[in-house]
Amino acid sequence: MSRSLLFVLITLSLFSCVEKKNEAHLYLIPKPQEMKPGDGFFQLNESVQISIEPETDETKFIANYLADKIKPATGLPLQVVAKTASEKNISLQLNPNSQLGEEGYELMVTPEAVKLSAAKPAGLFRGVQTIRQLLPPAAESSSIQSNVTWTLPACAIRDFPNYAWRGFMLDVGRHFFGVDEVKRLLDEMAYYKMNVFHWGLSNDQGWRIEIKSWPKLTEVGGSTQVGGGKGGFYTQEQYKDVVKYAAERYITVVPEIDMPGHTNAALASYPELNCSEQTIRLTPGNEVKRKVPGLYTGIEVGFSTLCTSKESTYKFIDDVVRELAEMTPGSYLHIGGDESRATKKEDYILFINKVQQIVTSHGKKVIGWDEVALATLQPSMLAQVWANAANGKKAVEQGAKVILSPAKKMYLDMSYDSTSKLGLHWAAYVEVDSAYAWEPSTLLNGISRENILGIESALWTETIQTRSDIDYMVFPRLAGHAEIGWSATTDEKTGSRNWEEYKIRLANHAPRFKARGIQFYESKLVPWVKE
Ligand code: TNX
């Protein structure tokens, strides 16, 4: 071999080494509260095991979850074992004395071992997501990847969430999405350490959850969707299956039945839920007078209402809430309460007060969109602020806590800009930087850190019909929201989020999105890393 060829080869191999250097610890999303880089790398190979201590069903499940995530791309069948003498392991350890709270964890990666510890299983599970992100992006692929060295960069991480409630809402009322798609989104939430799945199960266009005592809700009310497609609904068995799947990811399901407005699908299913003859607006300009509305497949809001003055309406609500509460382990039920423009204000207040009592009588706490603050809120009630800060303030003055879902920042159905092929823009165009660079505790007058339980992204689906539509609107904005919920403010000087710093981390997630098969929106504001 000639000298110059040798030189070229050596240079090339040096460069490819540099290129392959795993710096994933610098690009974590959400950013850990504390991270110190170390020297060297831990390398995965056939002999690495995942050891758990103590060995319980939960720790075993979490370890197997990690092994299952790593296997498809690496081909490595990492074995789950009880604590062993072997040092070269990934160890997951529950340490009840740890001060890390419900979801915090500590992670130590050295060339010799990976040590994850937490006070609670939920903390281990969150830490496992960090382990996944420390591996090269190719590790997130669902098929075998060759020529990759499976390393984790040495580092020491101490991490815990900033807000207790880090939610994602999916509206399946406008367009229906089946169990598999919901589970995929739960997996994505888990990846970003989110912990509340708010499931919008009813709306004008569709009723999506089987209620055994009122079967026509799904037979009739579930039979269509926006645009006139066939809609769909979840059986109670499917609902319970999703709840279990979520719980295995330490995600709480909060079901929403929106009322008294947004109820056309129910009103079309059961005539007795209507008051008297009403003017029904089928489409703008096309109005008819009749007692029972037909199914609705447009995207107008604010035209429907349950009859708030009939006792039988509350019997209906009691049945629905009872059946839902029975299959919902989480402590909250969401009663909607938004945009009830077809309900008189005094009727609305009476209604919300009564429904709060019904929900409480079934052992659940109540959440409502910010308009519910017009009623008399129980102290345990949560108000979800989406549009009206004054309502949020009213809720806070009544002693309630709030969840922030400001439409201008967190509505994932808002278009990115005027050229976006999907979405609405009544609140704003929400580019990736705007979705990220804000702070919950300073966004709204009269609502401060101690009033805020957390934040929630919302995907309304008037314009969203397919999995790739979901991908385009949800990603990458969801990653930024997850970080706002989990990580402390990145820029201590300005007290606000540092977009310039975040966008580099986000750019480095492009190969990860791709490896997970996500067709994300490639915003021009982000210098995406190509691979
Ligand atoms: C407002 S937010 C709504 C939804 C729509 C959404 C569209 C809220 C509580 N109500 O019914 O789908 O805007 O962006």
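Reader: How far from a nitrogen atom of the ligand does a polar side-chain atom of D338 lie?

Author: This is a predicted model, in which local features need pLDDT of at least 70 and side-chain atom pairs count only at pLDDT 80 or more, while totals for chains, interfaces and linings use all residues. Residues are numbered from 1 along each chain as its sequence is written, and side-chain values use heavy atoms, with hydrogens and water left out. A polar contact here is a pair of N or O atoms within 3.5 Å, and within protein one of them must be able to donate a hydrogen and the other to accept it, with residues adjacent in sequence counting only if both atoms are side-chain atoms. For D338, the separation between a polar side-chain atom and a nitrogen atom of the ligand is 2.8 Å.

Reader: Which residue has a polar side-chain atom 2.6 Å from an oxygen atom of the ligand?

Author: The side chain of E339 has an N or O atom 3.2 Å from a nitrogen atom of the ligand, whereas the question concerns an oxygen atom of the ligand. The residue with a polar side-chain atom 2.6 Å from that oxygen is D413.

Reader: How much of the accessible area that the ligand has on its own does the protein cover?

Author: Accessible areas come from the Shrake-Rupley method with a 1.4 Å probe, and for residues only the protein chains shown count as cover. On its own the ligand has 360 Å² of accessible area, and the part of this that the protein covers is 98%.

Reader: How many charged residues does the shell around the ligand have?

Author: A residue is near the ligand if one of its heavy atoms lies within 4 Å of it, and of the 13 residues around the ligand, R174, Y411, D413, W426 and E462 come nearest. Ala, Val, Leu, Ile, Met, Phe, Trp, Tyr, Cys and Pro count as nonpolar, Asp, Glu, Lys and Arg as charged, and the others, Gly among them, as polar. By these classes the shell has seven nonpolar residues and one polar residue, and the number of charged residues is five.

Reader: Why is β9 largely enclosed by the rest of the structure?

Author: Helices (H or I, at least four residues) and strands (E, at least two) are DSSP runs, numbered from the N terminus, and buried means under 20% relative accessible area, exposed over 50%, and partly exposed in between, with a 1.4 Å probe and protein chains only. Both faces of β9 are covered, with V196, H198 and G200 on one side and F197 and W199 on the other. The strand is largely enclosed because the number of its five residues that are buried is five.

Reader: Which residue of β12 is the bridge partner of H198?

Author: Two strands pair if DSSP finds at least two bridges between them. Strand β8 (residues 165-171) pairs with β9 in the parallel sense over five bridges, and there F168 stands opposite F197. Five bridges also join β9 to β12, again in parallel, and in β12 the partner of H198 is V254.

Reader: Which residue of β3 is the bridge partner of S51?

Author: Strand β2 (residues 49-53) runs parallel to strand β3 (residues 79-82), and four bridges join them. Four bridges also join β2 to strand β4 (residues 90-94) in parallel, where S51 stands opposite S91. In β3, the partner of S51 is V81.

Reader: What is the phi of H262, a residue other than glycine?

Author: Most residues other than glycine have a negative phi, and most peptide bonds are trans. H262 is found in the loop between β12 and α7 and is buried, with a relative accessible area of 3%. Its phi is positive, near 55°.

Reader: Which residue is joined to M259 by a cis peptide bond?

Author: The bond in question has an omega of about 0°.

Reader: Which residue has its backbone oxygen 2.9 Å from a polar atom of the side chain of H509?

Author: H509 is placed in the loop between α16 (499-507) and α17 (510-515), and at a relative accessible area of 1% it is buried. The backbone oxygen at 2.9 Å from a polar atom of its side chain belongs to Y27.
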